[in-house]
Amino acid sequence: MKILVCMKQVPDTSEVTLDPVTNTLIRKGIRSIINPDDKAGIEAALALRDKIEDCTVTVVSMGPQQAEMAIKEALAMGCDEGYLVSDRKFGGSDTLATSTILAAALKKIGYDLIITGRQAIDGDTAQVGPQIAEHLGIPHVSYVEEFDVDDEEDALIVLRQFEDRYHKMRIKFPCLLTAISGYGEPKYLTVAGVYEADKKEVKHFNYEDLKDLLDDGCIGLKGSPTKVVKSYTKEQKTQGTLLKGLTSNEAVEAIMARLNEGHIL
Amino acid sequence: MDFNLSNTQKLLQDFYRRFAETEIKPLARKMDEEEKFDLELLGKMQKCGFFGIPYSKEYGGADGDTLAYVLCMEEISKIDASSGITISVHTSLCCSSINDFGTEEQKQKFLRPLIDGRKIGCFSLTEPNAGSDAGGQQTSAVLDEDYYVLNGSKVFTTNSGFADIFVIFAVTDKASGTDGISAFIVEAGTPGLSVGSNMPRMGIRSASNCEVAIDNVRVPKENMLRKEGEGFEIALKALDGGRIGIGAQSVGIAQGALNEAIQYVKERKQFGRPISAFQNTKFKIAEMQTKIDAARLMVWRAALAKDEKKEYNALAAMCKLFASEVANDVTRGCVQLFGGYGYSREYPVERMMRDAKITEIYEGTSEVMKMIIAGSLKI
Amino acid sequence: MSKDIYVFIEQRDGNIQNVSYELLGEARSLAEDLGQRVVGVLLGSDIVEKANKLIKYGADEVIVVDDAILKEYMTEPYTKALTKIIKENDPEILLIGATSIGRDLGPRISARIRTGLTADCTSLYIDPETKGLHMTRPAFGGNLMAVIQCKNHRPQMATIRPGVMQTLEKDESRKGIVRKVVVDFSDIGNNVEILEVIKKEKKNSDITKSKYIVSGGRGVGNAENFKLLGDLASTIGGDLAGSRAAVDSGWVDADKQVGQTGKTVKPELYIACGISGAIQHVAGMENSGLIIAINKNDTAPIFDVADLGIVGDVKSILPPLIAAINKAKSEGMDYVAPSSDKYLGMENILFNIKNRIAYLTINRPRFLNALNRKTLLEIEAVVEKLEKDESVQVVIVRGAGGRAFVAGADISKMIDMNEEEGEEISSLAQSVFSRLKNLPQVVIGAINGYALGGGNELAMACDIRIASSRAKFGQPEVKLGLIPGFGGTQRLQRIVGQGLSKELIFTGEMISAEEAFRIGLVSRVVAPEALNRVVNDLAMKIMSNGMKAVKLAKKSINEGGSIDLDNGLAVENRDWTSCFTNEESKEGMSAFVEKRKPKFNDF
């Protein structure tokens, strides 16, 4: 069985801060990591590989050349092979164009099961996974917290998370899952694994490799229905308000007004 | 000449760093206060392969090099110097003795479980009356048929509290001075080998560091490393390499303290502004970072020389001499930047300052380092 | 030609989810901007009788697909039904709640019909020029806001974060149509099946992942009081945490400790109760979104990082707070602070004073804050009080609720007016607005939504106008056969010039906040959520200067506005001269010479 895991290299947004003077994002020195949900997908895929005979795990990432580091890390985690999908022509793709390109790459590689992270921490869109499934014409289940192969090995039993419930579902291969990073123990690499990965070659797909499966109008900036018109950083926090000498009810009013204003609750 | 780390080295560095931040950081203060190393943490470090970095895959190692190992030492010691020394003594003293001088049988039997993460090793050289003067060994080893019978005692044996394998030095020929010292591999649990309680110390308090009593310990003679009388050479060689690890540990302690201080000075406000706005703060931090970088480059240079099989013993001594001094200067400077909070145990810099001191003492004091450096200059 | 705003109505177990009502409210406002209709799409099983309620909350039409297969959410049947409806009706816009259902369904549909989808939006508005939808969403962990458009594909699709849009007041009189659509699901295979539906149990939470945290410190006093914090946490669906002191006292578990030796948290809301805020604690929570601190000690350092600090006793504040939140939750409505005696017992406006800033809030959100006689009289009463109140330095005028500043005069009350009554209301409004304009204090208008007709005229009576990006401006009187009567024909031309003024008044068209900025009607446009903060900051900034000088400058500018330049210069000369008679100018200039910060005001 062939498992493909889609993965994105993202800046560690928990380290992103704003320059207090210019109020712009400080991107310098922010480390790049494998998107946490994608990492959960890789770990789950590797766990599944151990249970199934003749099973391989391949990671596929679309991004700039430096994303090769993330693929190396995935290989160090134990993935069998890694592909970097990269081309100038792919730049500026929104989620729909990205999913179109990735779908082409996945089709080229071949798959029984595709796993993507639920969402990337830089964009937080959660769109690419389901869109890939649609392009490939296969079913998907998103927000998957746990999964296992069923007894006949022709389907997965998955636990799909909602805000208030779970669906335990059965989904036949070929299919796509979007995985949620769990709260379990983080799994680490091993030093030996890193050296093993060093010996594995990252494979590359560019536009030329995929063009027989791509419509030029559906990729890159041109193929992206959505465009970012502008972006701005949120207002800096300023000195708060301090209220003294209020009755309890006035204090409650003040708090409620503030919660309401912030659309909280 | 290239000062850049390769992608693999960067990946390793990032991995070590993340491990230290997520796994060690939450435990460091507690382990220090309880003066006890967390064995679950030890297990996790073993599983990640931190105990076999520069050793061959053939024996279960990672096939890494000394640079990969010093990167680990720095990243781990940034968060907790005790964790650093635990790795260091195992790797560069115990394992290197067996790796460099052991027979194939000895390597298969003892080195493999040490570097594949099943067992922990220690190195018993120092005695109550033989510190810098390691030649003044009093522990004796007498051949009795197929066994050597060892008697004596060792002090300051790091890792001894939980070690499975000891490399113990003992005198087989009293008349020959340093040429009469031999090295033995001794398994924990061997009758007569007993480990005392953890020695109360100023710093690196969670590392295990005990007295080892050796009372008629019968060691199969095939467990001797090399031949009788070659022990001193083995010890010196191991210590040469070990010093690069201590240099890296020193860099880690210093950088760890400085990172804490950099964060703190931005948060802490006095006289209506963050103390980072004061020129004194900026200058102090700039000076400290410069020293740390210099020390790091010296450590890397020594590590590369070792990997390239060049003469490195003076380079190792210089990097340890300098880096350990930097660790002490920087941690002291950082406590000062923190002011009263630096002295409180709520912040880790006081621990780092206490931990730093030992780097000027163990695996050869700074004075011994100067003797080695002077010796290399033929004076 | 694409038309209408479609809203996917999310139901679980047959219950319409709140986010759907919120989206109907938002769709209503977009539909008004576009002159189109709101269509709800309700998918479910045995669901058709719920459709009428959606009309009461803003839908003009509800399309219902009622089929057993739609009982529990599954991607393919839902995608199929919704795609069919989109293809048959060609909507202009499709809004979906950004829930775990919506964020599964949205991308699948967008890929099937190849259109753009913007995820997790927090605000929407229609570009007045192109009539395209601008969708604002957070990225980079909320550090960056991006505005996204989908120009050439229809529908323009967005998933909207629950809780950010405003549900409309239920309107029992609203009429609309309910249309049943039948979808053939026979080709849905058994590739995917639900084996079991499991209701969720709450996992032992990790506070670093909490959205809301209620945290307590030593100041909470005892374990009994600490239980109140737990109650508050469960009321808001958040987690309980504590400072080291609280952990050491055994009031909360060690893994819930926030701070240097505990965890670093970054929730959207952090309520710190009885926490003094030593640097060790602050290091672990200062990056939280909204920080509310309650502490008895008004010098507690926690107040330095709090957005809202309340000096008071946790024990007496939490129980009514919990009750208020429960009330707000059960009503599912915006909480509007009830007026208390402190606010002069008025019905239609809220008035309070904090830190020498007076807040005058027009509080008739149900009527988009439309001005009636009573409201004008209440404003007048407040203005009268302010004219004499020397402690207040800045007045901020704003509208309650999220949609309107003031949407105009209350037309329903004007239909039956005769000439005399008409004259009277115009005179009243003109006089109130002039007095507002001539208050000794600096008057800032915080324009959060519609400022139309009388609303725009009220805004123009403010010294400074700051607008939210959602705000809209206009003088639509001619559409009703009237002309502006609260000062619009006179003030607007003095602000934007006669040409623009005439265009706006003759066409009666609304303009966006950005357009208002371009023509100089407002001095700044900010994100809706930042409006109050920006206005507050502006007030603080002004108040850090010599207030006597600021007030003289205001007087000088106001007087000069209606006279010729030479006479204006004479006014300036007079007021400049009078500066030298007060201590403020001495202090300001000596501070400048001595290179220190001047100390102008005693507050």
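In this predicted model, the contact between chain B and chain A takes 27 residues from chain B and 17 residues from chain A. Together the two chains bury about 1800 Å², and 60% of that area lies on carbon and sulfur atoms. B:T8, B:L11 and B:R18 supply 33% of the area that chain B buries against chain A, more than any other three residues.

Four salt bridges are found across the interface of chain B and chain A. One of them joins B:D14 to A:R31, with the closest N and O atoms 3.6 Å apart. Seven residue pairs are in polar contact across the interface of chain B and chain A, counting pairs with both residues at pLDDT 80 or more. On the side of chain B that touches chain A, the elements giving two or more residues are α1 (7-34) and α2 (39-47) of chain B. Of these, α1(B) gives the most, with 14 residues. Sorted by class, the side of chain B that touches chain A has ten nonpolar, six polar and eleven charged residues.

**Chain A and chain C**

Between chain A and chain C, 82 residues of chain A are in contact with 101 residues of chain C. The buried area here is about 8500 Å², of which carbon and sulfur atoms give 56%. A:R165, A:Y232 and A:R258 supply 8% of the area that chain A buries against chain C, more than any other three residues.

Ten salt bridges cross the interface of chain A and chain C. Among them is the pair A:R170 and C:E193, whose closest N and O atoms are 3.7 Å apart. The count of residue pairs in polar contact between chain A and chain C is 35, with both residues at pLDDT 80 or more. Several elements of chain A each supply at least two residues of the side that touches chain C, including α3 (95-109), β10 (155-161), β11 (165-172), β14 (226-233), β15 (241-243) and α7 (248-261). The largest share, 13 residues, comes from α7(A). By class, the side of chain A that touches chain C has 36 nonpolar, 24 polar and 22 charged residues.

Strand pairing also links these two chains. β15(A) pairs with strand β18 (residues 308-311) of chain C in the parallel sense, over three bridges. Within this pairing, A:T241 stands opposite C:L308 in β18(C).

**A sheet in chain C**

Four strands of chain C form an open sheet in the order β22-β24-β26-β27, and the pairing is mixed. Its edge strands are β22 (404-406) and β27 (511-512) of chain C, each of which pairs on one side only. β22(C) runs parallel to strand β24 (residues 450-452) of chain C and is joined to it by two bridges. C:V406 stands opposite C:A451 in β24(C).

**Salt bridges within the chains**

Over all chains, a search of the whole structure finds 87 salt bridges.

| Salt bridge | N to O distance |
|---|---|
| A:D37 and A:R118 | 3.3 Å |
| C:E224 and C:K227 | 3.5 Å |
| C:R373 and C:E424 | 2.6 Å |

The pair A:D37 and A:R118 links distant parts of the chain: A:D37 is in helix α1 (residues 36-51) of chain A, whereas A:R118 is in the loop between β8 (113-117) and α4 of chain A, 81 residues apart. A:D37 is buried, at 3% relative accessible area, while A:R118 is partly exposed at 21%.

C:E224 and C:K227 both lie in helix α5 (residues 223-235) of chain C, three residues apart, about one turn of the helix. C:E224 counts as exposed because its relative accessibility is 52%, and C:K227 is likewise exposed at 52%.

C:R373 lies in α10 (residues 373-388) of chain C and C:E424 in α11 (residues 419-437) of chain C, so the pair ties together parts that are 51 residues apart in sequence. C:R373 is partly exposed, at 40% relative accessible area, and C:E424 is partly exposed at 36%.

Salt bridges also link residues into a network: A:E163, A:D164, A:R165, C:E10, C:R12, C:D13, C:E72 and C:K199. One of these residues, A:R165, is also among the three that supply 8% of the area that chain A buries against chain C.

Key: Residues numbered from 1 in each chain as written. Chains lettered and ligands numbered in written order. Predicted model: local features only at pLDDT ≥ 70, side-chain atom pairs only at ≥ 80, totals over all residues. Heavy atoms only, no water. Contact = heavy atoms within 4.5 Å. Buried area = accessible area lost by both parts, 1.4 Å probe. Salt bridge = Lys/Arg side-chain N within 4 Å of Asp/Glu carboxyl O. Polar contact = N/O pair within 3.5 Å; in protein donor to acceptor, adjacent residues only side chain to side chain. Nonpolar A, V, L, I, M, F, W, Y, C, P; charged D, E, K, R; others polar. Pairing = 2+ DSSP bridges. Buried < 20%, exposed > 50% of the residue type's maximum accessible area, 1.4 Å probe, protein only.
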